[in-house]
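Grab a pencil and work through these exercises with the sequence and structure in view. Each task comes with its solution.

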Amino acid sequence: MTLARAASVILAKELRTEFRSRELLGTTAVFVLIVMVLFSFTFNPTSSESRRFGPGLLWLGFLFAGSLMLQSSFLREQTNDTLAALRLAPIDPFSILAGKMAANFLFLLFVEVILLPVFAVLYNVAIFPVLGQLLLVLTLGTIGLAATGTVFSAVAAQARLRELLLPLLLLPVLAPVLIASTEATIGVLGQPSELSLVWLTFLACFDVVFLTAAWMVGEYLLEE
Amino acid sequence: MATAATEMQAPSRPAISAPSVLLVFLLLAAASYGALIWAPTENTMGLVQRIFYFHVSSAWCGFVSFILVFIGSVAYLRTRAPKWDWLSVASAEVGVAFFTVVLVTGPIWAKPVWGIWWTWDARLTSSFLLWVLFVSYLVLRTLVDEPSRRATVSAVFGIFAALDIPLVYFSIWWFRTQHPQPVIGDGGKLDPRMGYVLLLCWAAMLGVMTALIRLRYRLEAMRSEVDAYRMDAARSGH
Amino acid sequence: MRLALRGVNLSIAAGECVALVGHNGSGKTTLLKIAAQLTQPTRGEISFHEGERPVALDEVKNRVGMVGHHTLLYDELTAEENLIFFAKLFGLPDPAGKAREALDPVGLTGRAADLVRTFSRGMRQRLSIARALLASPGLLLLDEAGTGLDPEGQHWLASAIQRLRNSGCTILMSTHGRNETQAAVTRAVRLEGGKITHDSGVGGDPKKILVLAAVRGTESGGEVES
């Protein structure tokens, strides 16, 4: 069974599980919303101020939400030791990680996309003219977040205090993503809008490096 | 199957030999003399600039330590030999110690010269983030009890953290190029004598680093041995 | 960190039905996990052969089924969805058909569309066994598969094991000793403190070891299956 096929079967399972209950997506979306509202109290959200500070707060919100949401990725597999069931199957162990990374990427992107208009309204920022560029930045940043977060979720699942541990591990490692995504978003929302090739390439590099690292060492995390 | 305990040698020699200790001590003494007395006083910043020798050399040693964490982590995953895990944790702790020195000497230098304790300049910020990264590594280790799982899990995180280092540096540097700020750097030209002293400080710090890592490595090896004895005792009392 | 197994040398021939007996903590589960390739032995190795020819470990996975301590099922999916998922992962053709087929022998066809979360302990155990049998395994590993089953379920399990034996399946199962499934057992191996203390051997008589295990089980208050 090829890696891609196995990963897509697992991806389908993850999607099916989540869309049945929708509890994770809903809770994550509400969390980001709360973060946005709270942040609005920290500065005066006029149009120009929002363009300067807004993106940073938006991405911080995504990172926090992500580091809480990604917990469940591997915790779910501990309930009935379904991780053992996955490992018993004749599939490449990395496909388990890959399927979950893809699922987490889609979940996070989904939450980000529905909250983008909310952000635009609350902070008086025009997003529609630059929607394509924004989505590009969101995608590249979220790949890094999902890939790293899924691997660290497997790490934290084996430790104590995992609710605190995952953010503790994830946020420092993702600092470059925060910087790059924020700067790229500020550029896109700026007047005039500009798409920073440097930051986008950097994000792509980050994604490639960490996806490769996950591919090479990720399966060690799944052993017993 | 031979028990783990009988396979390990009880350490009889000290981790670092007396001559090595003497060498490191001499290097450190020479470096201190060089930095505090022999090197010329810098024009603009005065006496406090001398801290730069220790600040920069500590940063370098911190780097080398974290590269050792990477090497240890990769080697552990490939060979599963515990000694690589011992190297990783020893290097991580020593690296954190060196970066603590960097983070403390930075503000000490900055305050008299620029009047502020901290600027988010590229180097200091990167150092801070590196410090946080490897503190996280150490925290992770305390939260996993089973030794082989702890070693595996921290090896994976160690690899990710180490790979993150160049990305951290670049992103912060490029950010600062876009948004310039006062830099706590080595303002002014480097007098050749300063160059020699810096080199000497590097050597001294490298010596200290090696000594500390060896000591910590030995400690970890001994802990591992104690665990093995405990295991044996539990088994025979079965 | 304890060593679960020490110096275990065990050879099992195709078609054998081996019962692993011993107290909790004697290493039975670890041995089964190694056979399932879920755990790597710290020292030593496991190998599978077809006649003289060794079979690649990856290939072997296709033909191994396991029932463990946990159900290995997703509570938020239906019984049918669970089986289809695993059928797909095992690369079986017509996963939906295979899933339906598998539900029948365990008597869960009527509950195919219900979430596993709503199942009783016994039903989950039966579904777990169905899951293990999906790919028609040549090697079946059972870790106290009878727990949670009512007498009817136990009876079904015993006859299923006999049927599997007749079709040439090799079975390695851990048991506390007193069990209906004993009838199909061809060999018994006793583990104590991670070591093999008794082995009735290929072609030997397993009954003595099994009876001994059952008696010891009641003496020391170990679990006795009802």
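**Exercise 1: the A–B contact**

The contact takes 26 residues from chain B and 25 from chain A, with two residues in contact if their C-beta atoms, placed from the backbone, lie within 7 Å. This is a predicted model, where local features need pLDDT of at least 70, side-chain atom pairs count only at pLDDT 80 or more, and totals for chains, interfaces and linings use all residues. Residues are numbered from 1 along each chain as its sequence is written, and chains are lettered from A and ligands numbered from 1 in the order in which they are written.

Task: work out which helix of chain B supplies the largest share of the side that touches chain A.

Solution. Start with α5 (122-142) and α6 (147-178) of chain B, which each supply at least two residues of that side; helices are DSSP runs (H or I, at least four residues), numbered from the N terminus. Next, count: α6(B) gives 17 residues, the largest share. Finally, sort the side of chain B by class: 21 nonpolar (Ala, Val, Leu, Ile, Met, Phe, Trp, Tyr, Cys and Pro), two charged (Asp, Glu, Lys and Arg) and three polar (the others, Gly among them).

**Exercise 2: the fold of chain A**

Task: say how many helices and strands chain A has.

Solution. Chain A has 10 helices and zero strands (E, at least two residues). Then look at the extent: the C-alpha trace of chain A spans about 55 × 30 × 30 Å along its principal axes. Last, take contacts in chain A between residues at least 6 apart in sequence: 83% join residues at least 24 apart.
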